[in-house]
Structure formats: structure tokens, C-alpha cells
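Here are my notes after going through this one.

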Amino acid sequence: MADISAQAPFRLTLPRLPWYVWAALIWIVLVLVVAVFAPLLTPHPYTAMKLTNRFVPPFDRWTHPLGTDELGRDVLSRLIISVRISLLIAFGATLISAVLGTTLGFLAAHFRGWVEQLVLTLADFQAAMPFLIMALSVLAFFGNSLPLLIGLMGLYGWERYARVARGLAISANTQGYATAVTQLGAAPQRIYLRHILPNIASTLIVSMTLVFPEVILVESGLSFLGLGVQPPMTSLGNMVGYGRDYITRAPWIMLSPAVVIVLTTLAVSMLGDWLRDKLDPTLG
Amino acid sequence: MLRYFAIRLFRALITIAMVVTFAFVVLRMSGDPAILIMGPEVPPEALEAFRKSWGLDQPIWVQYLNYFGAILRGDLGMSMRDNRPALDMVMDRIPATLALTVPALILKLAIGVPAGVWAALHQGTGFDRAVMVMAVAGFAIPSFILALVLVLVFAVTLGWLPSGGQGGVEHMILPVLTMGIGGAAALARFTRSAMLEVLGRPYIRTASAKGLPWASVVRGHALPNAAIPTVTLIGFLVGSLIAGAVVVESVFSWPGVGRMLVVAVGSRDLAVVQVILLLVAATMVTSNLIVDFLYGVLDPRLRQGARAA
Amino acid sequence: MTALLTLDAVARAYVGRQGLFGRVTTVRAVDGVSLTLVRGETLGIVGESGSGKSTLGRMALGLETPDEGGVRAFDAPMPALGTPGWRALRRRMQMVFQDPLGALDRRLPVLDQVAEPLTIHAIGDAKARQDVAMAALQAVGLSSEQALRYPHALSGGQRQRVVIARALITDPDLLVCDEPVSALDVSIQAQVVNLLIDMQAARGLAMLFISHDLRVVRQIASRVAVMYLGRIIETGAAADVLRAPRHPYTRALVSAAPAPGRDRADRVILTGEPPNPAARPTGCAFHPRCPLVTDRCRTEAPVLSAIAPAHSAACHLLSTQTPPAAKAA
């Protein structure tokens with residue numbers, strides 16, 4: 001047999017992905033870079049006001065490529081900081097929700113009985129109640145702060161991870177490697193963290209990419225209503241919310257964050273759909 | 001069958017009880033109700049008297065039971081801002097909310113279900129792809145952005161329709177469109193996948209292999225089976241008639257329950273928030289019960305008593 | 001000799017419900033089984049599916065708790081499942097599963113999995129564990145290159161060798177094998193059985209070998225217990241039970257399995273329904289299928305009693321004593 005590797009010319013091959021997945025990936029990387037390096041990228045401080053420079057339209061002056069708002073603040077700088085805050089909330093919330101849900105799912109699978117019933121009832125409750133209403137109630141009672149907002153958003157979607165983790169852990173426990181490892185004398189935390197978790201990680205990651213865009217949408221909705229991120233801090237939904245007052249005179253104030261919200265949710269959900277089809281078609 | 005409904009009803013009551021508990025816990029955790037209501041500068045004797053008269057000096061579980069009892073009697077507290085029973089205030093706003101959400105629901109069903117079925121039956125065609133693109137876009141464009149874009153186009157630029165407020169039918173067009181378009185996209189996508197899943201099942205292939213005309217295979221076998229999951233989503237849409245109005249009512253300054261909630265949250269009018277929370281939970285639970293009942297009718301397996309997970 | 005493992009009249013019942021309104025039925029999977037196992041011996045448990053032999057194996061390991069009776073291992077009562085005492089005991093009693101692919105974690109190289117019991121029981125340091133695991137894999141016939149592979153990159157027989165290596169790495173005294181070769185290709189079965197025989201001989205293991213396959217049991221077992229619907233109906237030295245079966249059920253089983261040097265003419269063919277644990281017949285559970293059934297068999301359950309030295313059976317036709325059931329009445 002001929003040596004195949006010797007014949008193959010050396011070149012960098014890109015994985016074969018559909019064009020829309022590439023587009024989604026490029027956008028996500030761009031947004032991530034902006035979020036991480038935000039303070040270095042802003043041309044102006046995002047809170048710097050200059051009342052002589054109000055309502056500058058986009059592409060009008062080089063110093064303000066996306067224009068300025070009603071207080072003369074640079075829209076591009078605010079947009080960059082908003083991306084950072086919105087992604088911080090979305091990442092924080094998605095992580096909290098994944099950890100919380102997976103833990104509760106594992107507890108349900110491990111203890112069964114009333115613990116399981118409690119987790120399932122809570123999950124049903126969470127799934128049945130519109131999240132926005134619950135979030136609004138909590139904000140009404142507690143007021144608002146960034147950690148509270150992240151924690152609150154961290155309750156979004158936990159029931160999906162809990163159901164997935166519970167189902168997969170139960171099937172692993174009743175048959176297969178988990179039983180075998182139990183029989184080796186392993187403690188439960190070893191079985192769940194070292195064996196079951198790596199085995200269901202791909203499913204959980206797919207769930208995360210499906211929940212993540214929804215978190216962005218809910219957070220931007222709350223901030224839009226003026227009940228999420230509070231000024232002087234800014235987020236994408238917050239920018240749209242305040243920009244709405246100037247929709248007639250300066251629509252660009254709300255349009256640029258609106259475009260970023262739509263493109264980001266679109267990109268992450270397309271990536272999530274594609275990953276789900278590739279890795280785990282059973283997820284709903 | 002009876003047992004199935006008994007279990008469902010029990011779960012529904014549990015859900016309501018959990019919402020009440022949730023409201024109680026959050027209310028108590030958010031601070032001393034006496035200070036919250038009377039204000040911080042009230043003398044301590046007055047606070048003490050207030051606590052006594054409202055039973056706040058009793059153990060927490062007695063307070064909890066009292067709270068539960070009050071809610072069962074329909075006593076949901078007074079609005080702190082308007083000093084009217086919160087329940088009455090919310091009830092006054094319900095017709096306005098339904099005036100938007102019911103037409104929007106009809107719009108969602110009228111567009112979403114046929115589009116989904118048609119797309120599934122013509123999988124891979126241009127129409128199917130258009131439906132899918134619309135569905136993905138409908139998910140990614142949140143209602144507040146869609147609403148503002150509609151305002152920008154039809155109110156600001158073209159000047160055809162008012163940008164908000166309550167008045168004639170022309171005031172309702174943009175809000176109803178906003179809610180209808182987004183929901184229709186989700187419904188179309190869901191109906192399509194439910195339909196595709198059913199069309200891939202062996203009994204459909206058997207039915208068409210038997211020589212049944214395709215139209216009657218679809219009508220007799222595919223549609224009833226695809227209806228089962230779709231009914232769940234429709235139930236969810238009915239249940240969120242009030243919840244779904246929050247954002248849209250706020251954008252269009254429509255005096256419904258949703259906008260009331262946002263205002264109440266902003267001013268921390270807790271009684272009003274609590275009434276709306278319970279109202280939303282009650283509609284959600286009721287529509288879930290109806291869905292469960294329809295399930296029982298649609299799915300013969302349940303009639304025979306298999307336990308649904 | 002002292003017994004490593006003693007099962008004393010253990011019983012295990014499962015409660016099931018037929019349909020939503022169906023009545024609650026109790027299925028007695030294992031119904032009053034006693035047995036002992038001493039160092040260095042292999043006890044073969046034979047029976048059809050539904051005979052309760054796997055449940056028995058799980059009770060022997062403490063993976064299930066008997067409803068009645070007791071299990072003693074190493075002269076102490078079996079600790080409850082999942083307790084630290086139970087976990088520590090795993091070092092001394094191990095299991096080989098029917099499906100090796102299912103028993104291995106798809107996400108770890110097999111070397112790590114073989115080393116895992118050493119980590120769990122805190123034996124040696126990380127380096128020593130790897131070396132011991134590598135040696136164990138080589139002892140069951142895997143190369144050092146194969147040791148670094150993932151389970152799906154090995155053949156079925158190699159996977160079962162990995163499972164055996166993992167089970168033996170803590171140097172246990174007792175090994176329970178539940179149908180260890182029935183998922184394997186026939187050509188591989190003999191190799192794995194021979195491996196088990198070698199390992200047992202080298203280490204003086206006690207083995208509980210559960211199988212429906214008489215050919216395999218004949219190869220490996222020194223003693224045999226035949227189970228039917230949750231009870232032992234015949235037990236004795238493997239040579240006696242499998243060469244000269246006495247109970248009509250065992251005779252049917254033995255005659256159905258081809259063996260060298262035996263006449264095929266005297267085959268007993270089993271008729272009737274296969275046993276259903278949910279609908280246990282009255283009297284002797286085997287009577288609906290028994291070619292020698294009498295009226296007594298339909299009403300009265302026979303007890304296991306000695307029919308020869310170290311050979312017992314539960315059959316009215318073999319017992320010479322007065323029926324104990326009459327005494328109890």
C-alpha cells in the first residue's frame with residue numbers, strides 16, 4: 001500500500017462548515033473580542049457628554065462614526081461598552097443556570113424519591129411561568145443591581161439543564177458505566193463529576209448555546225423597559241430603551257444596538273441549531 | 001383517565017400555591033413591610049402598632065397562613081399608589097390587554113399553523129426556506145425592536161399610523177402586528193417540525209403505500225397527530241396572553257395590564273405586582289389544564305391510561 | 001473452610017402495577033435462596049431469563065438489599081448500599097458485567113479506567129497506579145498500545161478483558177460474573193472463559209459465575225446451582241449435577257445443551273409456557289412443564305433436600321422424606 005500521508009500536500013484545511021455557520025462564528029468572535037477589549041477600543045469615554053455635539057448623525061464626522069446621542073455622547077463607544085455589559089450578564093447568567101440546573105438534575109437522579117419530585121415540580125413551575133413576569137416581580141421587590149440582575153437571569157432556563165441532566169444521569173445509573181463505577185466503590189461525587197458530567201457535556205453545551213441567545217433577549221427586554229441595567233451603566237437593551245425617545249429625531253441611537261442584538265442572537269442560535277443537529281438531534 | 005386529570009388538577013393547584021409562596025417569600029425577604037409601607041421616618045410606636053394590627057408580630061408561619069387565607073378570600077391588598085384594591089385596578093385594565101392580545105393570537109394561528117403545515121408538506125421548496133428564514137428571524141428579533149422598527153416605518157416615516165396611545169382601530173394595528181408576527185414565526189417553525197416528524201413515521205408511509213390519496217393521508221393521519229404537540233404550544237400562547245403584552249404595551253403606551261406591571265415595578269407598588277403575578281399564573285395554569293384535557297381527547301394512548309411524564 | 005460469602009434464605013420481591021388501574025402485583029424474583037461460597041471455588045448459577053439469577057448476583061454484592069434473609073461477606077453482615085463501609089468492601093468483591101462496552105466509560109482511555117479502582121481506594125501514588133494498571137492489562141493480553149485506546153477502539157473480547165483487568169486490580173477475594181461471555185462472539189467466549197479460569201487459579205479467587213449457558217458453566221464451575229423462578233431446584237458438584245442431573249428441569253436443560261460423549265436419543269424436550277415470575281404456578285413452580293407431573297406437584301411445593309452426598313434437589317419424586325410442608329401445617 002502506498003503511503004497516503006506522503007502524497008497529501010501540506011496545507012491548512014478549514015473544516016467544512018456551511019457558510020452561515022462561518023458567518024455566525026465570525027460575528028461571535030468579533031463580538032467577543034469587542035467585549036473583552038472594550039475599554040481599549042472605545043474612541044471616547046462612554047459617559048463623556050458634550051452638549052454642543054448632540055444628535056450628530058452617523059458617518060458625518062470621523063470622530064463619531066456612529067453619531068452621538070441626546071447628550072452628545074459617542075454612540076460607538078457606548079455600543080462597545082454595552083456589548084461588554086450585555087455579554088457579561090449573558091455569560092454569567094448562562095453559567096449560573098447551567099451549574100444550578102445540572103446540579104439539581106444530578107441531585108434528582110441520585111436521590112430519586114421526594115427530592116426528584118421537588119426538582120421536577122420546581123422545573124414544571126419554572127417552565128410554566130413566563131420568566132419576564134417573574135423577573136419583573138423580583139425586581140419590583142428587591143430593586144436592582146448588576147449582581148442581582150446576573151443572579152436573576154441565572155434562573156433563566158435552569159429547568160432545561162435539570163431535565164437533561166436528570167434524564168441522562170438516570171439512564172447512566174440504571175445501566176452502564178455509572179453502575180460499573182459504583183460497583184468499583186466510587187463515591188457519588190466521583191461518579192457524577194468525573195464520569196457522568198464528561199459524558200453529557202456535549203448535550204449540556206448544546207443546551208447552553210440554545211439558552212444563551214434567549215438570555216440576551218430577556219436581559220435586553222428588561223433593560224429596554226428601564227428595569228434591567230441602570231444608568232450610568234449601559235447595555236444594548238438599555239441603549240434601545242433610551243434611544244426610543246428620540247426615534248423621530250435620531251433613530252440611529254436605537255438602531256445600532258438593535259442591530260447588534262439581532263445579529264448576536266441570530267448568530268448564537270444558528271450555531272446552536274447547527275451544533276444540535278450535529279451532536280444531539282434528540283434535544284428539543 | 002380520571003386519575004390522569006386528578007393528577008393534573010393537583011399539580012395545577014400546587015403551581016398556584018407555589019406562586020403564592022413565591023410572592024410571600026419575596027415580599028418578606030425584600031424588607032420590613034411596616035417600614036416599607038409606613039415609611040422610614042415613622043415613630044417606632046406607630047410601626048409597632050402597625051405590625052400588631054396587620055399580624056406582623058406573629059411567627060412567620062402564622063403570617064404565611066394568614067397571607068394564604070387572605071388570598072383565598074380574594075383579599076389581595078391595596079395599591080400603595082392609588083389606595084384602591086389592587087385587584088379592581090388590574091381587572092379594569094384586562095379588557096384593554098385582551099383587545100390587543102386576542103386579535104394577535106388569531107393572527108398568529110391564522111398565519112403560523114397553515115404556513116408550518118404547508119412548509120412541511122413542501123419541504124425544501126422556496127416557500128419552506130422562506131418560512132424557516134422568517135422563523136429564525138422572528139426568534140432573533142425581540143418584540144421591542146420589531147415594534148420600534150414598525151413605528152419607525154409606518155408612523156415616523158410614512159405617517160400612516162399613530163405611534164402609540166389608545167383610540168380607534170388604527171391604534172391597534174401596529175401592536176397587534178408586532179405580537180402577531182413574532183408569534184406566527186415561532187408557531188410556523190414548531191408546526192413545521194411537528195408535521196415533518198409525523199410525516200416521517202412508518203404509519204404515514206404505510207397509509208400512502210396502501211394507495212390512499214395523499215390529501216386524505218395528510219388530513220386523516222398526519223394532521224391529527226401533528227396537532228398534539230402543536231396544541232401544547234398554542235396552550236402556552238393562550239396562557240401568555242397577558243405576559244406577552246408587557247413589552248408591546250409599554251412601547252405603544254397602551255393602557256393594559258402589561259404596562260401597568262412595568263409602572264408598578266418601577267414604583268414598587270407591590271400589591272399590584274402581586275395581583276398580576278397571580279393572574280398570569282392562573283391563566284397559565286388554566287390553559288395548561290385545558291391543553292391536558294385536549295391531549296386526553298387527541299391522544300388515545302392517554303385515554304387508556306398510560307402515564308404522561 | 002470458612003465461607004467468604006453466605007446468603008441465608010434471601011428473598012427479593014419487586015412491586016409492579018399492570019396498567020393504571022391494574023392491581024398491584026408482587027413479583028418474587030428471588031424466593032428464599034441460601035448458598036455459601038468458599039475461597040478458591042467457582043459456583044455456577046444456571047437458569048433461564050426470569051429465574052432470578054442476576055438478582056441473586058446483585059444481592060451477593062450488596063447492590064440490592066434482600067427483603068428477607070441476610071447476606072454475610074467476610075464474616076460480617078453486608079453494609080448498606082452506598083455507605084462508606086460498602087464502598088470500602090468493593091476492594092474485596094468485584095463484578096464482571098455482561099456488556100463490556102456499557103460497563104466502560106466511552107470518554108476515558110482504558111488504562112485510566114483500569115487504574116481507577118486504585119485511585120478510588122487510595123492505593124499507591126499516581127505513577128504506581130499507571131504502572132500497575134498497565135501490568136494488569138498486559139496480564140489479560142492487551143498491548144501497551146491498546147491500553148491507551150478508548151473502549152470503542154477495541155474489540156468486544158478486548159473490552160471484556162479490560163473489564164476483568166479492572167475488576168481484579170485491587171486483588172479482590174470474590175468475583176461475581178453476570179453472563180460475562182454471552183454478549184461475545186462464540187469464537188471469543190472460550191478465550192475469555194479460559195482467562196477467568198487462569199486468573200482464578202493464580203489468585204485463589206472465589207467466583208460466582210452466573211450464566212444461562214451450560215457449556216460455559218461446565219467449563220468453569222466446580223459447583224452448580226440451578227435456579228427456576230427464584231428458587232434453587234438442584235445443587236451439587238458440577239460433575240454430579242451436569243453429568244447426572246436428577247431434577248426433571250435440570251435434565252431438560254442438560255439434554256438441550258450438546259455435550260461430548262452423550263447420547264442424543266434421551267433428549268427431554270421442555271413444553272409449555274416459559275416461566276413468568278409474575279404468575280408463579282401453585283405447588284412446584286415447574287409442574288406445568290414437567291413431563292413427570294403428579295397431583296402432589298400441583299398443590300405442594302417441594303423443598304430442597306439431600307438426594308446424595310453434597311447433592312440436593314427440590315422434587316417430590318426424588319425426596320424420600322415426609323413432606324416438610326405437611327409438618328408445618
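**Notes on the model**

1. Let's start with a helix pair. In this predicted model, helix 11 (residues 236–243) of chain A packs against helix 12 (residues 252–279) of chain A at an angle of about 150°, and their axes are 8 Å apart. Angles over 145 degrees count as roughly antiparallel, so helix 11 of chain A and helix 12 of chain A are roughly antiparallel to each other. Their crossing is left-handed.

2. Which residues make that contact? From helix 11 of chain A come Leu236(A), Gly237(A), Met239(A), Val240(A) and Gly243(A), and they meet Ile253(A), Met254(A), Pro257(A), Ala258(A), Val260(A) and Ile261(A) in helix 12 of chain A. Sorted by class, that gives nine nonpolar residues, two polar ones and no charged ones.

3. On to the interface of chain B with chain A. Here 41 residues of chain B are in contact with 43 residues of chain A. The two chains bury about 3700 Å² between them, with 83% of it on carbon and sulfur atoms. Phe139(B), Phe144(B) and Leu148(B) supply 16% of what chain B buries against chain A, more than any other three residues.

4. Now chain A with chain C. The contact takes 18 residues from chain A and 22 residues from chain C. About 1700 Å² is buried between chain A and chain C, 55% of it on carbon and sulfur atoms. On the chain A side, Gln183(A), Leu184(A) and Asn199(A) supply 40% of the area buried against chain C, more than any other three residues.

5. Confidence in chain A: the mean pLDDT is 84, and 93% of the residues of chain A reach 70 or more. Among its elements, helix 4 (residues 75–111) of chain A has the highest mean pLDDT (92), while helix 1 (residues 4–7) of chain A has the lowest (43). Over residues 1–9 of chain A the pLDDT stays under 50, and the model has one contact beyond four places in sequence for that stretch.

6. Confidence in chain B: the mean pLDDT is 80, and 91% of the residues of chain B reach 70 or more. The pLDDT is below 50 over residues 304–309 of chain B, a stretch with six contacts in the model beyond near neighbours in sequence.

Terms used: Residues are numbered from 1 along each chain as its sequence is written. Chains are lettered from A and ligands numbered from 1 in the order in which they are written. This is a predicted model: local features need pLDDT of at least 70, side-chain atom pairs count only at pLDDT 80 or more; totals for chains, interfaces and linings use all residues. Side-chain values use heavy atoms; hydrogens and water are left out. Axes are lines fitted to C-alpha atoms, for helices over the stretch in contact, and angles run from 0 to 180 degrees between N-to-C directions. Helices (H or I, at least four residues) and strands (E, at least two) are DSSP runs, numbered from the N terminus. Angles under 35 degrees count as roughly parallel, over 145 as roughly antiparallel, 65 to 115 as roughly perpendicular and the rest as oblique. A crossing is left-handed if the near helix is turned anticlockwise from the far one by less than a right angle, and right-handed if clockwise. Contact means heavy atoms within 4.5 Å. Ala, Val, Leu, Ile, Met, Phe, Trp, Tyr, Cys and Pro count as nonpolar, Asp, Glu, Lys and Arg as charged, and the others, Gly among them, as polar. pLDDT is the predictor's confidence in each residue, from 0 to 100. Buried area is the accessible area (1.4 Å probe) that two parts lose on being put together, summed over both.
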